[in-house]
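I opened this model to look at one loop and then at the chain around it. My entries follow in the order I looked things up.

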Amino acid sequence: MNRSFYTLAYTALQSESKRLEDFTDALDKNPTEKKQRMAEYKCAKYRYATVSLIESTIYNNDRCRKRFNLAYSHHLLLPFDEIFKEMPEKVAEYDTLPAEEQPDYSLYHAIRAFTVREIGKLESKLPLANDWEKIELGERLDGLRFSLACLDEAWEKRGEVDT
């Protein structure tokens, strides 16, 4: 069976979210250890915030495109369709693709552009951040960069056959 971009990306993002949740949940159940590892706990929460943002974004776009006819909006929820339409070269390429390839194409490019924007927003805050804010921003950036890598890898591996 061919693997879809969505399945590959969502699985990787969900796995990282679960790993971070399991870590923080375990510490939540052990207040003494949580207190000793508070910095790690907070860092995991910051990373989780950005990974889960991209995970839920890709999930909700896919869920809605399957449930509703979103062809009028490049198979995307409107805020992401607006992002996609800001890339005229991608829209032009989208229009040349077979109908069955269009949803994954627009999903990848819109969510990728959204993730890159989020990275830019956080990077712009780094110069004025104090020490702890830099750590927080760094963890959030790591989560977004991980998410971006998941999106790119899923795009490269889409269509491969499961073995």
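**Histidine 74.** I started in the loop between helix H3 (38–67) and helix H4 (78–85), where histidine 74 lies. The model is a predicted one, and I read what follows with that in mind.

Is histidine 74 buried or exposed? I found a relative accessibility of 13%. Buried means under 20%, so histidine 74 counts as buried.

I then listed what touches histidine 74, leaving aside its neighbours within four places in sequence. The contacts are Asp81, Phe84, Lys85, Val91, Tyr94 and Ser106.

I also checked the backbone. Histidine 74 is not a glycine, yet its phi is positive, at about 60°.

**Histidine 75.** I moved on to histidine 75, which is also placed in the loop between H3 and H4. Its phi is positive too, at about 65°, and histidine 75 is not a glycine either. I noted a relative accessibility of 15% for histidine 75, which therefore counts as buried.

**Confidence.** I looked up pLDDT before going further. The chain has a mean of 95, and 97% of its residues reach 70 or more. Which elements have the lowest and the highest mean pLDDT? H3 has the lowest, at 96, and helix H5 (residues 88–96) has the highest, at 98.

**Helix H7.** I checked the length of helix H7 (residues 131–157) against what its residue count predicts. At 1.5 Å a residue, its 27 residues should span 39 Å, and I found the end C-alpha atoms 39 Å apart, so the two agree.

I went through H7 for buried positions and found several leucines, including Leu137, Leu141, Leu144, Leu148 and Leu151. Gly143, Ser147, Cys150, Asp152, Ala154 and Trp155 of H7 are buried as well. What do the buried residues of H7 pack against? I found helix H1 (5–28), H3 and helix H6 (102–125).

**Whole chain.** I counted 7 helices and 0 strands. Along the sequence the pattern reads α-α-α-α-α-α-α. The C-alpha atoms fill a box of roughly 55 × 40 × 25 Å along the principal axes.

Of the 163 residues in the chain, 42% are buried. I took contacts between residues at least 6 apart in sequence and found that 68% of them join residues at least 24 apart.

I noted an accessible surface of about 9,300 Å², with 53% of that area belonging to carbon and sulfur atoms. Last, I looked at charge: the chain has 25 positive and 30 negative charges, and their mean positions are 5 Å apart.

Technical notes
Residues are numbered from 1 along each chain as its sequence is written. This is a predicted model: local features need pLDDT of at least 70, side-chain atom pairs count only at pLDDT 80 or more; totals for chains, interfaces and linings use all residues. Side-chain values use heavy atoms; hydrogens and water are left out. Helices (H or I, at least four residues) and strands (E, at least two) are DSSP runs, numbered from the N terminus. Buried means under 20% relative accessible area, exposed over 50%, partly exposed in between (1.4 Å probe, protein chains only). Contact means heavy atoms within 4.5 Å. Accessible areas come from the Shrake-Rupley method with a 1.4 Å probe; for residues, only the protein chains shown count as cover. Lys and Arg count as positive and Asp and Glu as negative; His and the chain ends are not counted. The place of a charge is taken as NZ of Lys, CZ of Arg, CG of Asp or CD of Glu. pLDDT is the predictor's confidence in each residue, from 0 to 100. The expected span of a helix is 1.5 Å times one less than its number of residues.
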